[in-house]
Amino acid sequence: MNNFVWADLSTYDTLSSIAFYKNVFGWQFYDSGGYHVAMNGTEEVAGIYETPDFFKKIKMPHFWMSYIGVEDAQRTAEIASQFDAAKVELMDDFYGGRIALIRDPLGAGFAVYDGGQLHVRDGSTGLCWNELHVSDATKVLSFYQQLFGWNFTFNKTAATYQCFDSNNNHVTDIVEVPNQVKGKQEYWVCTFAVEDVVQATSRIERNGGGVLNDEGYRIMLYDNSGEAFFYVMKTG
């Protein structure tokens with residue numbers, strides 16, 4: 001519990017997005033009532049759905065959402081509200097459970113899920129890592145510690161807070177990135193495993209995406225919407 005289990009893409013054009021990720025990652029998709037589930041072989045690895053009209057009207061961009069597995073989404077949402085979450089919204093009936101959509105005190109959005117059926121972040125296929133990019137980590141450390149019981153160790157050289165769960169598993173990083181580099185938004189970013197970073201980047205560019213930041217061992221890219229961004233990284 002209190003670890004990352006899922007990611008999905010909110011898009012204005014599901015057919016275009018499905019084609020992009022199918023060509024880039026080789027994912028196959030099936031339609032589950034308008035929610036399109038990506039398969040890597042026999043494994044469910046991500047979801048794609050059409051952005052609701054309300055968010056289209058306010059020009060919400062395409063984006064990848066990170067999901068954290070919890071014991072009780074409602075209770076987690078209540079705790080988030082007590083500790084200065086910017087926004088909390090509880091929803092029912094998602095993969096046999098409930099989800100709560102939460103924005104932390106700086107506005108970075110994520111979801112918590114209590115159904116127990118999603119557990120795909122294994123480091124070898126599909127989603128393999130999630131991390132938070134913020135301008136000032138000190139403004140959210142207490143929030144995440146209270147919400148998930150995470151403990152933090154600061155890496156001064158990398159300006160990164162490494163986060164560990166109660167079993168001392170390294171679950172995520174909170175990375176301080178200047179606004180002139182990341183823009184004014186604070187956000188959780190997903191990383192997907194690939195066999196070859198260079199080849200994956202080439203496929204992304206051929207299908208309408210592009211490079212945002214090349215870190216060598218991993219690359220941040222945007223998809224064919226020009227908005228939704230993610231990392232690719234070789235694992236294993």
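**Core, sheet and salt bridges**

Author: In the largest nonpolar core, which has 28 residues, the members that touch the most others are F110, V112, Y144, F148, W150 and I174. A nonpolar core here is a set of buried Ala, Val, Leu, Ile, Met, Phe, Trp, Tyr and Cys residues joined through side-chain atoms within 4.5 Å. Buried means under 20% relative accessible area, exposed over 50%, and partly exposed in between (1.4 Å probe, protein chains only). This is a predicted model, in which local features need pLDDT of at least 70 and side-chain atom pairs count only at pLDDT 80 or more, while totals for chains, interfaces and linings use all residues. Residues are numbered from 1 along each chain as its sequence is written, and side-chain values use heavy atoms, with hydrogens and water left out.

Reader: Which element supplies the largest share of this core?

Author: At least two residues each come from helix 3, strand 7, strand 8, strand 9, helix 4 (141-148), strand 11 (160-164) and strand 12 (170-176). Helices (H or I, at least four residues) and strands (E, at least two) are DSSP runs, numbered from the N terminus. The largest share is 5 residues, and the element is helix 4.

Reader: Which residues is F148 in contact with, leaving aside its neighbours within four places in sequence?

Author: Contact means heavy atoms within 4.5 Å. F148 is one of the core residues that touch the most other members. With neighbours within four places in sequence left aside, the contacts of F148 are N2, I68, V70, T76, F110 and V112.

Reader: In what order do the 8 strands of the open sheet lie?

Author: Two strands pair if DSSP finds at least two bridges between them. The edge strands, each pairing on one side only, are strand 2 (28-32) and strand 6 (87-94). The pairing in the sheet is mixed, and the order is 2-3-4-1-5-8-7-6.

Reader: Over how many bridges do strand 1 and strand 5 pair?

Author: Strand 1 covers residues 3-11 and strand 5 covers residues 63-69.

Reader: At about what angle does helix 3 run to strand 7?

Author: Axes are lines fitted to C-alpha atoms, for helices over the stretch in contact, and angles run from 0 to 180 degrees between N-to-C directions. Helix 3 (residues 73-82) lies across strand 6, strand 7 (97-103) and strand 8 (109-113). Its angle to strand 7 is about 15 degrees.

Reader: How many residues apart are E131 and R218?

Author: E131 and R218 form a salt bridge with their closest N and O atoms 2.7 Å apart. E131 is in strand 9 (residues 127-134) and R218 is in strand 15 (residues 218-222), so the pair links distant parts of the chain. Both residues are buried. Their separation in the chain is 87 residues.

Key
Salt bridge = Lys/Arg side-chain N within 4 Å of Asp/Glu carboxyl O.
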